[in-house]
Amino acid sequence: MNPLGIFGGTFDPIHYGHLRTAFELLQAVPLAEVRFVPAGNPPHRAAPRCHARDRLAMVQAAVADQPGFTVDARELARDGPSYTVITLRELRAEDPARSLCLIVGMDAFLGLPTWHEWRAILDLAHLVVAHRPGWTAPRQGLLADLLAERGTMRAEDLGSSPAGRILVHAVTPLEISSTDLRDLIVAGRDPRYLVPDAVRALIVESGCYHDPAQR
Ligand code: ATP
């Protein structure tokens with residue numbers, strides 16, 4: 001069985017940068033599935049602008065027509081900070097031998113040492129680090145050493161063990177961020193072609209990014 005991809009994020013809102021990255025990795029690694037896991041209370045940032053219920057609805061709408069894309073709402077149901085390590089422990093307990101691949105953008109990878117129990121994450125899953133415009137792989141320091149020790153250029157290596165390797169993978173560079181999207185919507189502009197139409201419709205319906213006071 002091909003590895004299970006796990007794509008965590010605030011998804012406030014989900015956009016084509018997330019979706020194209022997940023799609024290219026689904027095909028290239030290849031992954032059996034990419035499971036989108038919206039964070040309830042992301043520990044390293046301000047509270048999400050949009051209610052968890054609405055962020056979940058947007059992720060569900062965004063992935064609905066892509067075979068292999070699924071949504072896992074467990075972090076939204078959990079109290080306390082949404083630590084990735086907890087989710088990975090649960091997934092590992094569900095299938096002790098399965099290859100798990102945690103997908104992160106390069107910006108998120110650079111922050112890895114600040115994550116709760118970050119070293120345990122690599123005991124539980126591989127990391128697939130997607131290129132992201134504006135961010136480059138570390139050349140020195142802790143993460144460069146980690147890449148030298150655990151990095152691989154061969155996606156096949158992710159299928160032959162359950163956890164512990166790091167694959168840095170190029171994806172089509174799309175300079176889209178949720179922050180820019182929120183600013184654009186507050187400014188009264190249209191997010192069309194940056195997010196799927198179904199997500200755009202939910203943004204309009206909920207109005208959750210439209211209040212400048214909450215920017
Ligand atoms: P924000 O601007 O609110 O920080 P974001 O656009 O970075 O949001 P998140 O939900 O925080 O989106 O990101 C979830 C994951 O997706 C992270 O690992 C992030 O690095 C990755 N990611 C987000 N946007 C892109 C993109 N355009 N290209 C590649 N990876 C991305």
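This is a predicted model: local features need pLDDT of at least 70, side-chain atom pairs count only at pLDDT 80 or more; totals for chains, interfaces and linings use all residues.
Modeller: Residues are numbered from 1 along each chain as its sequence is written, and side-chain values use heavy atoms, with hydrogens and water left out.

Biologist: How many residues of strand E5 are buried?

Modeller: Strands (E, at least two residues) and helices (H or I, at least four) are DSSP runs, numbered from the N terminus. Buried means under 20% relative accessible area, exposed over 50%, and partly exposed in between, with a 1.4 Å probe and protein chains only. His126, Val128 and Ala130 point one way from E5, Leu127 and Val129 point the other way, and all are buried. For the strand, residues 126–130, the number buried is 5 of 5.

Biologist: Which cysteines form a disulfide?

Modeller: A disulfide is a covalent bond between the sulfur atoms of two cysteines. Here it is assigned to a pair of cysteine sulfur atoms within 2.5 Å. A search of the whole structure finds 1 disulfide. With sulfur atoms 2.5 Å apart, the pair is Cys50 and Cys208.

Biologist: How many residues apart are Cys50 and Cys208?

Modeller: Cys50 lies in the loop between strand E2 (33–38) and helix H2 (52–63), and Cys208 in the segment after helix H10 (197–206). The pair thus links distant parts of the chain, and the separation is 158 residues.

Biologist: Why is the disulfide of Cys50 and Cys208 left-handed?

Modeller: Both partners are buried, Cys50 with a relative accessible area of 2% and Cys208 with 13%. The disulfide is left-handed because the torsion about its S-S bond is about -85 degrees.

Biologist: With which side chain does the side chain of Arg35 make a polar contact?

Modeller: Arg35 is in strand E2 and is buried, with a relative accessible area of 17%. A polar contact is a pair of N or O atoms within 3.5 Å; within protein, one must be able to donate a hydrogen and the other to accept it, and residues adjacent in sequence count only if both atoms are side-chain atoms. At 2.9 Å, the partner side chain is that of Glu33.
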